[in-house]
Amino acid sequence: MKSGGPEMTVGGINSEGKIICEWFEGERPRSRDCWPSQLILIEPKARDVDNSEDITQRLPRAIVDLEERLATLEGKFETRGYNTRPMYEVHEQKIRELEVEITEIKKRLANSSPEAAPSERMEFRDGMLWAKDDPNPFCAPCFEASKVKLHLQSGGANPGQRFCTNCKNWFTDRIALR
Ligand SMILES: [Zn+2]
């Protein structure tokens, strides 16, 4: 009540329009009627509210809650990082394999056209492939067609003449003729 007295609870409204106020006097329940104008609303005190709603605990609890959610997110990011690592490794492996393949193809291309790009060790001359420090040349047409190095056979009337036992081609080493 505005005039003082115990804190009371609104129990209802009577036929006169008065508020039925209830309170305890020790163990004894009491009630009386008051006009609404006589009453003042009292805000519930923090200590009267249920513990889980304790205002003084709200901020610490919110911080704990946020920390837990952050930890969960961090865990997810970490897990995702670990999950994508094998994928990267697979991609890197594939790139390495492709690089090796490209190198192989480049080598084959260089060897398949000895005229344009003779391989590092062989020189193309007079239809033959001459390896460094090897007096016997290889058959260039056979190497071009089958990627096989076949030594040519000496023979014929001239010292510079060579014969391929595979493709039956004759070659003439013009340097030897001079
Ligand atoms: Zn041949």
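Which residues make up the largest nonpolar core? The core consists of Met122, Phe124, Met128, Leu129, Trp130, Phe138, Cys139, Ala140, Phe143, Leu152, Cys164 and Phe171, twelve residues in all. A nonpolar core here is a set of buried Ala, Val, Leu, Ile, Met, Phe, Trp, Tyr and Cys residues joined through C-beta atoms within 7 Å. This is a predicted model, in which local features need pLDDT of at least 70 and side-chain atom pairs count only at pLDDT 80 or more, while totals for chains, interfaces and linings use all residues. Residues are numbered from 1 along each chain as its sequence is written.

**Overall layout and confidence**

- The protein chain has three helices and nine strands; helices (H or I, at least four residues) and strands (E, at least two) are DSSP runs, numbered from the N terminus.
- Along the sequence, these elements follow the pattern β-β-β-α-β-β-β-α-β-β-β-α.
- Of the 178 residues of the protein chain, 10% count as buried. A residue is buried if 20 or more other C-beta atoms lie within 10 Å of its own, exposed if 12 or fewer, and partly exposed in between, with C-beta atoms placed from the backbone.
- Among contacts between residues at least 6 apart in sequence, 21% join residues at least 24 apart; two residues are in contact if their C-beta atoms, placed from the backbone, lie within 7 Å.
- The average pLDDT of the protein chain is 80, and 80% of the residues score at least 70. This score is the predictor's confidence in each residue, from 0 to 100.
- Confidence is lowest in helix H1 (residues 55-112), at a mean of 74, and highest in S6, at 94.
- Where pLDDT is low, the predicted coordinates should not be read in detail.

**The sheet S1-S2-S3**

- Three strands form an open sheet in the order S1-S2-S3, with antiparallel pairing; two strands pair if DSSP finds at least two bridges between them.
- Strand S1 (9-13) and S3 stand at the edges and have a single partner strand each, so one side of each is left without a neighbour in the sheet.
- From one strand to the next, the twist averages 30°, where axes are lines fitted to C-alpha atoms, for helices over the stretch in contact, and angles run from 0 to 180 degrees between N-to-C directions.
- Seven bridges pair strand S2 (residues 19-25) with S3 in the antiparallel sense. Glu25 has Arg28 in S3 as its bridge partner, and Phe24 stands opposite Pro29 in S3.
- S2 and S3 form a hairpin with two residues between them, and Gly26 in the turn has a positive phi of about 70°.
- Strand S3 (residues 28-34) has seven residues and the number buried is zero, so this strand lies largely in the open.

- Strand S4 (residues 122-125) has Met122 and Phe124 on its covered face, and Glu123 and Arg125 on its uncovered one.
- S4 and strand S5 (residues 128-131) run antiparallel and are joined by four bridges. Leu129 in S5 is the bridge partner of Phe124.
- Two residues lie between the strands of this hairpin, and Asp126 takes a positive phi near 60°.
- Met122, Phe124 and Leu129 are among the residues of the largest nonpolar core. The elements that give two or more residues to this core are S4, S5, strand S6 (138-139) and helix H2 (140-146). S5 gives the largest share, three residues.

**The sheet S7-S8-S9**

- A further open sheet of three strands has the order S7-S8-S9, with antiparallel pairing.
- Strand S7 (153-154) and S9 are at the edges with a single partner strand each, so one side of each is left without a neighbour in the sheet.
- S7 and S8 run antiparallel and are joined by two bridges; Ser154 stands opposite Arg162 in S8.

**Loop residues**

- Thr165 is in the loop between strand S8 (161-163) and strand S9 (170-172). Thr165 is exposed because 12 other C-beta atoms lie within 10 Å. Its C-alpha atom is 9.5 Å from that of Cys139, 26 residues apart along the chain.
- Lys168 is found in the loop between S8 and S9 and has a positive phi of about 65° although it is not a glycine. Lys168 is exposed, with 7 other C-beta atoms within 10 Å.
- Asp133, in the loop between S5 and S6, has a positive phi of about 65° although it is not a glycine. Asp133 counts as exposed because it has 6 C-beta neighbours inside 10 Å.
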